[in-house]
Amino acid sequence: MPKFLHTRIRVSNLERTIAFYEQLGFKCTRRTDKSPAGNQLAFLELPGNEHFLELCYSPDYTLKVPEDLMHTAIGYDNLIAKCDELEKKGIAIWPDGWRNKFPTGTKMAFVTDPDGYEVELLERG
């Protein structure tokens, strides 16, 4: 049976992007300074997950992420507490008023990573 292993995204600044995703709960578990294609790679994992996020950086590549190209999604046990923590660290949560839009049922919000990739934050129930 096939297994979904990882998702790769290009980034404009590897260190800045690693730091952002660490705020969401990821851990950088492995890095390489030069892949066979000449890129710098970082592999980020969420504890307890098999799927990982591969960050790819090349100084020769100009990154332009189109709006709404794609998004990833992360589940949290307490979304309001996580978003409060992120906001205290200066990370903007959107859309405005998201806390009031989902008073019951599944709560959701979004953040945008340093390159413009959207990350959906969901409350696991």
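**View 1. Strands β5 and β7 run parallel and are joined by six bridges.** The model is predicted: local features need pLDDT of at least 70, side-chain atom pairs count only at pLDDT 80 or more, and totals for chains, interfaces and linings use all residues. Residues are numbered from 1 along each chain as its sequence is written, and side-chain values use heavy atoms, without hydrogens or water. Strand β7 covers residues 118-123. Tyrosine 76 has glutamate 123 in β7 as its bridge partner. Strands (E, at least two residues) and helices (H or I, at least four) are DSSP runs, numbered from the N terminus. Two strands pair if DSSP finds at least two bridges between them.

**View 2. Three strands form an open sheet in the order β5-β7-β6.** The pairing is mixed. β5 (71-76) and β6 (108-112) are the edge strands; each has a single partner, so one side of each lacks a neighbour in the sheet. Neighbouring strands are turned by 25° against each other on average, direction ignored.

**View 3. Helix α2 lies across β5, β6 and β7.** The helix spans residues 79-88 and runs at about 140° to β7. Axes are lines fitted to C-alpha atoms, for helices over the stretch in contact (heavy atoms within 4.5 Å). Angles run from 0 to 180 degrees between N-to-C directions.

**View 4. The largest pocket holds about 340 Å³ of space.** Of its 18 lining residues, Phe26, Leu46, Asn49, Ala73 and Ile74 are the closest to its centre. β5 gives the most to the lining, with five residues. β4 (52-57) supplies at least two. A pocket is an open set of points on a 1 Å grid over the protein atoms alone, where a 1.4 Å probe fits, with protein on both sides within 12 Å along at least five of seven lines; lining residues have an atom within 4 Å of a point.

Terms used
Points joined across faces, edges and corners; volume = space filled by probe spheres on them.
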